[in-house]
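Please open the model in a viewer and keep the selection tool at hand.

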Amino acid sequence: MAERLPALRAGLRAYGLIAVMWMRSTMTYRTSFAMTALGNFAATAFDFLVILLMFTHVDTLGGYSLPEIALLYGASGTAFGIADLVMGSMDRLGRRVRDGTLDTLLVRPAPVLAQVAADRFALRRLGRITQGLLVLGYALFALDIAWTPLKAAMVPMMLLSGAAVFAAMFVTGAAFQFVAQDAAEVQNSFTYGGNTLLQYPPTVFAKDLVRGVTFVVPLAFVNWLPALYVLGRPYPLDLPSGLAFAPPLVAAVCCALAGLAWRAGLRSYRSTGS
């Protein structure tokens with residue numbers, strides 16, 4: 001572990017330098033940045049608008065009230081927004097593999113993962129995070145929750161662990177693109193698609209799907225299990241309540257597996273030959 005610390009520090013430093021470079025470039029045109037961030041905010045807000053329209057016709061959705069679904073939506077949206085801000089550029093890897101521009105990153109004295117993740121760092125994605133936090137704030141204000149220290153700690157833990165799970169999925173999807181170069185949409189189906197799925201309660205989905213996003217692709221640990229603990233709701237599939245505290249461990253395992261997948265994918269890269 002100690003041997004990897006210098007490499008980790010080098011990667012974080014490289015990521016920070018590249019991200020700052022793109023932020024400076026973005027802020028050169030402040031009006032353009034404000035408009036794109038606002039556009040990102042508005043585009044993501046349409047998802048919640050759809051939920052609001054549903055509740056003009058029903059009182060509950062899958063047995064959940066609007067504030068309860070807002071808690072699920074806000075937690076998932078914020079966690080995904082953080083991961084998208086930090087690692088969202090990973091879906092461009094397939095394009096770099098196809099045109100050979102990944103070779104230029106291999107010869108630079110910086111970790112390739114840090115370079116790919118920070119490439120074209122998009123500060124406009126703060127709009128998604130802001131929108132998610134606003135919905136989450138509304139939910140916490142509207143819900144009558146019997147707060148305890150554990151429930152209070154569960155909210156930030158849910159956001160950080162969920163962001164780590166989504167970030168691991170971005171890296172794993174990018175590693176898959178070393179093999180299947182046109183797989184960006186496959187990756188998006190698990191990242192963007194997973195975020196959309198988690199905006200709704202598990203009671204509206206078939207049990208087989210809930211099992212899949214719990215035991216195969218652990219999306220349920222992003223917001224479902226910790227949020228249900230905060231709400232005092234029964235868990236899907238009669239799962240033990242202790243799993244509400246498992247997201248940090250699940251996130252760590254996902255990140256470790258994503259790292260292994262990334263190293264395996266990078267070792268398999270053979271350039272374009274041009």
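Helices (H or I, at least four residues) and strands (E, at least two) are taken as DSSP runs and numbered from the N terminus. The model is predicted, with local features needing pLDDT of at least 70 and side-chain atom pairs counting only at pLDDT 80 or more, while totals for chains, interfaces and linings use all residues. Residues are numbered from 1 along each chain as its sequence is written, and side-chain values use heavy atoms, with hydrogens and water left out.

**First stop: Asn 188**

Select Asn 188, which lies in helix H9. Is this residue buried or exposed? Asn 188 counts as buried because its relative accessibility is 14%; buried means under 20% relative accessible area, exposed over 50%, and partly exposed in between (1.4 Å probe, protein chains only). Next, display the surroundings of Asn 188: leaving aside neighbours within four places in sequence, this residue is in contact with Asp 91 and Gly 193, where contact means heavy atoms within 4.5 Å.

**Second stop: the largest pocket**

Lining residues have an atom within 4 Å of a point. Grid points are joined across faces, edges and corners, and a volume is the space filled by probe spheres set on the points.

Select Leu 8, Leu 113, Cys 255, Gly 259 and Arg 263, which lie nearest the centre of the largest pocket among its 27 lining residues. The space in this pocket is about 1100 Å³. Helices H1 (5–27), H3 (66–87), H6 (112–118), H8 (149–176) and H12 (247–268) each supply at least two residues of the lining, and the largest share, eight residues, comes from H12. By class, 23 lining residues are nonpolar, two polar and two charged; Ala, Val, Leu, Ile, Met, Phe, Trp, Tyr, Cys and Pro count as nonpolar, Asp, Glu, Lys and Arg as charged, and the others, Gly among them, as polar.

Select Ala 168, Met 169, Thr 172, Phe 190 and Val 217, the closest to its centre of the 16 residues that line it. H8, H9 (184–198) and H12 each give at least two residues to this lining, with the largest share, six residues, coming from H8. The lining comprises 12 nonpolar, four polar and no charged residues.

Select Thr 44, Asp 47, Tyr 73, Gly 77, Arg 128, Gln 131, Asn 195 and Gln 199 to show its lining. Helix H2 (30–54), H3 and H7 are the elements that give two or more residues to this lining, which has one nonpolar, five polar and two charged residues.

**Last stop: two backbone angles**

Most residues other than glycine have a negative phi. Select Arg 120, in the loop between H6 and helix H7 (126–142): its phi is positive, about 55°, although it is not a glycine. Arg 120 counts as partly exposed because its relative accessibility is 46%. Then select Asp 238, in the loop between helix H11 (224–231) and H12. Asp 238 also has a positive phi, near 55°, and counts as exposed, at 76% relative accessibility.

Terms used
1 Å grid on protein atoms, 1.4 Å probe; cavity = no way out; pocket = protein on both sides within 12 Å on 5 of 7 lines; lining within 4 Å.
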